[in-house]
Amino acid sequence: MTVSVTVNGKLFEDESESVSLLALLRDRWGLLGTKNACEEGECGSCTVRLDDVLVNACLVLATQADGREVTTVEGMATDAGLHPVQQAFVDAGAVQCGFCTSGMVLAADDLLRRVPCPTAAEVRAEMAGNLCRCTGYRHIVDAVCLAAERTTAEQV
């Protein structure tokens, strides 16, 4: 069976139906922005958007993604530059070692789509599924709040 997945607006196909979506993204299609850490859905480093729903790519079989759309951290930036959430992570010093950053950025973007002006407590609660081994959560919370401020200011 051929697995066809639209990733960041581009169609990818592969015969690897018995692997995870994470393996397709990283090992077959070279999209290394999605990180591979625990492979048990515990750390959130492999978070991607599957048809506008956040998932841990390590827990999704390739066949479950067939015919669907995936957005990875690579798909957030445009020719004009970084996505506002990505830029806020850079500006707030929230990137740190960078291993958790792709999952954190996607989770932050998902939060801001649902809650445009979250409190710091809401940010901490929503980001709980993404682990940072650098233990720098303060900068991550600051980055999400900064992105919220910037995006809401642009809409006024």
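**Terms and their grounds**

Modeller: Strand E1 (residues 3-7) and strand E5 (residues 69-71) run parallel and are joined by two bridges. The model is a predicted one.

Biologist: Why are E1 and E5 called paired strands?

Modeller: Two strands pair if at least two bridges are found between them. Two bridges join E1 to E5, so the two strands count as a pair. Across from threonine 6 stands glutamate 69 in E5.

Biologist: What is the order of the strands in the open sheet?

Modeller: The five strands follow the order E2-E1-E5-E3-E4, with mixed pairing. From one strand to the next, the twist averages 35 degrees.

Biologist: What makes strand E2 (10-14) and strand E4 (53-56) stand at the edges?

Modeller: Each has a single partner strand, so one side of E2 and one side of E4 are left without a neighbour in the sheet.

Biologist: Which helix lies across strand E3 (47-50), E4 and E5?

Modeller: That is helix H4 (residues 101-114), which runs at about 45 degrees to E3.

Biologist: Which residues of helix H1 (residues 21-28) are buried, and against what do they pack?

Modeller: The buried residues of H1 are Leu21, Leu22, Ala23, Leu24 and Leu25. They pack against E1, E2, E3, helix H2 (62-65) and E5. Just after H1, glycine 30 takes a positive phi of about 70 degrees.

Biologist: Why is cysteine 46 called buried?

Modeller: The term applies under 20% relative accessible area. Cysteine 46 has 4% relative accessibility, and therefore counts as buried.

Biologist: Why is alanine 128 called exposed?

Modeller: Exposed means over 50% relative accessible area. Alanine 128 has 53%, so the term applies. This residue lies in the loop between helix H5 (120-126) and helix H6 (137-155). The C-alpha atoms of alanine 128 and glycine 44 are separated by 9.2 Å, although these residues are 84 residues apart along the chain.

Methods
Residues numbered from 1 in each chain as written. Predicted model: local features only at pLDDT ≥ 70, side-chain atom pairs only at ≥ 80, totals over all residues. Heavy atoms only, no water. Helix = DSSP H or I, 4+ residues; strand = E, 2+ residues; numbered from the N terminus. Buried < 20%, exposed > 50% of the residue type's maximum accessible area, 1.4 Å probe, protein only. Axes fitted to C-alpha atoms, helices over the stretch in contact; angles between N-to-C directions. Contact = heavy atoms within 4.5 Å.
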